[in-house]
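Please look over the sequence and the structure before reading on.

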Amino acid sequence: MSLAASPTVLEDAAIRSWNVTNGLPEDSIYSLGESPDGNIWIAIRDGLVQFDGQTFRLMQPAEKAGIRDNGLGGVAAAGGKLWVGARDYVGYSPQDAFHSFTNLDFQIIPFPRRFGDRFGVASVQIRPDGNLLLRRSDGAFLLDTSIQSGPPLPPKLLFSAPPGESISGLHEGRSGRIWYSTQSGIKVRQGWDFKPVTGPNFQATAMVEARDGTLWAFAQGGLYHFEGSKATP
């Protein structure tokens, strides 16, 4: 993904939108993912939506497990499986013999919320090693996707949110640094060290590390670019 394009490219770009009038079940989208077969996967309040470029298909991954809460916070394709993160579980469905996800059969990994977590899995990011980085309000978790025989192990806690705070944004960059945001601002973790990021003290909901190692963060106050000790709105 490129963070910049020439003016000519932007002027010639065609933009098309889909909403409930075009078949999208609802407009509140929490996460988007793409599988190798070209399907787009959309995590929404009512479940998981498959979009093949023409039609939308709604499904509830936890139906077979008897879980009635269909809300999802994250979706990603990694390790030959389609993964979804929900309130009290992580679900996965392996691809078929044709390396596609047309016949989904989800398996459920219980992932109960702790006292400090309010929403369950809020985001799913594929790490460079193919494993998954999960965000809940109470902490960051790692899920090993490499296990081929038997069900995957439950996610392991990587680090907890500071006491009395919740994690609103989480991103691992190419540099290996993990950026996260709480009520007290943005922090960066490299190795076992946690450092606050110099700049405006706002709670970011989305962050991405650029190719040059700088950080872009979005909050209600707008979009900011963090470079060293300088923050540019």
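Strands β14 and β15 are joined by a hairpin of two residues. Strands here are DSSP runs of E with at least two residues, helices are runs of H or I with at least four, and both are numbered from the N terminus. The model is a predicted one, in which local features need pLDDT of at least 70 and side-chain atom pairs count only at pLDDT 80 or more, while totals for chains, interfaces and linings use all residues. Residues are numbered from 1 along each chain as its sequence is written, and side-chain values use heavy atoms, with hydrogens and water left out.

Strand β14 covers residues 178-182 and runs antiparallel to β15, with five bridges between them; two strands count as paired if DSSP finds at least two bridges between them. Within this pair, Trp 179 lies opposite Val 188 of β15. On from β15, four bridges connect it to strand β16 (residues 193-196), again in an antiparallel arrangement. Here Arg 189 faces Phe 194 of β16. The hairpin of β15 and β16 has two residues between the strands, and Gly 191 in its turn has a positive phi of about 70 degrees.

Is strand β15 enclosed or open to the outside? Five of the six residues in β15 (residues 185-190) are buried, so this strand is largely enclosed by the rest of the structure. Buried stands for under 20% relative accessible area, exposed for over 50%, and partly exposed for values in between, with a 1.4 Å probe and protein chains only.

A hairpin of two residues connects β18 to β19, and Ala 219 stands opposite Gly 222 of β19. Strand β19 is also joined by three bridges to β20 (residues 230-232), its antiparallel partner. In that pair, Phe 226 is set opposite Ala 231 of β20. The hairpin of β19 and β20 has two residues between the strands, and Gly 228 takes a positive phi near 65 degrees there.

Strand β19 (residues 222-227) also contains Leu 223, which is partly exposed at a relative accessible area of 46%. Together with Val 208, Trp 216 and Phe 218, Leu 223 forms a nonpolar surface patch with about 340 Å² of accessible area. Patches consist of residues with over 30% relative accessible area and no salt bridge; like charges are joined within 9 Å, and nonpolar side chains (Val, Leu, Ile, Met, Phe, Trp, Tyr) within 5 Å. Accessible areas come from the Shrake-Rupley method with a 1.4 Å probe, and for residues only the protein chains shown count as cover.

Charged side chains come next. The whole structure has ten salt bridges, each being a side-chain nitrogen of Lys or Arg within 4 Å of a carboxyl oxygen of Asp or Glu. One of them joins Asp 69 and Arg 87, whose closest N and O atoms are 2.9 Å apart. This pair links distant parts of the chain: Asp 69 is in the loop between β4 (56-59) and β5 (72-78), and Arg 87 is in the loop between β6 (81-86) and β7 (89-94), 18 residues apart. Asp 69 is partly exposed, at 34% relative accessible area, and Arg 87 is partly exposed at 28%.

Arg 114 and Asp 138 form another salt bridge, at 2.8 Å from N to O. They lie 24 residues apart, Arg 114 in the loop between β8 (107-110) and β9 (123-126), and Asp 138 in the loop between β10 (132-136) and β11 (139-143). Arg 114 is partly exposed at 37% relative accessibility, whereas Asp 138 is buried at 6%. Both belong to a network of salt bridges that also includes Asp 117 and Arg 136.

Of the 233 residues, 45% count as buried.
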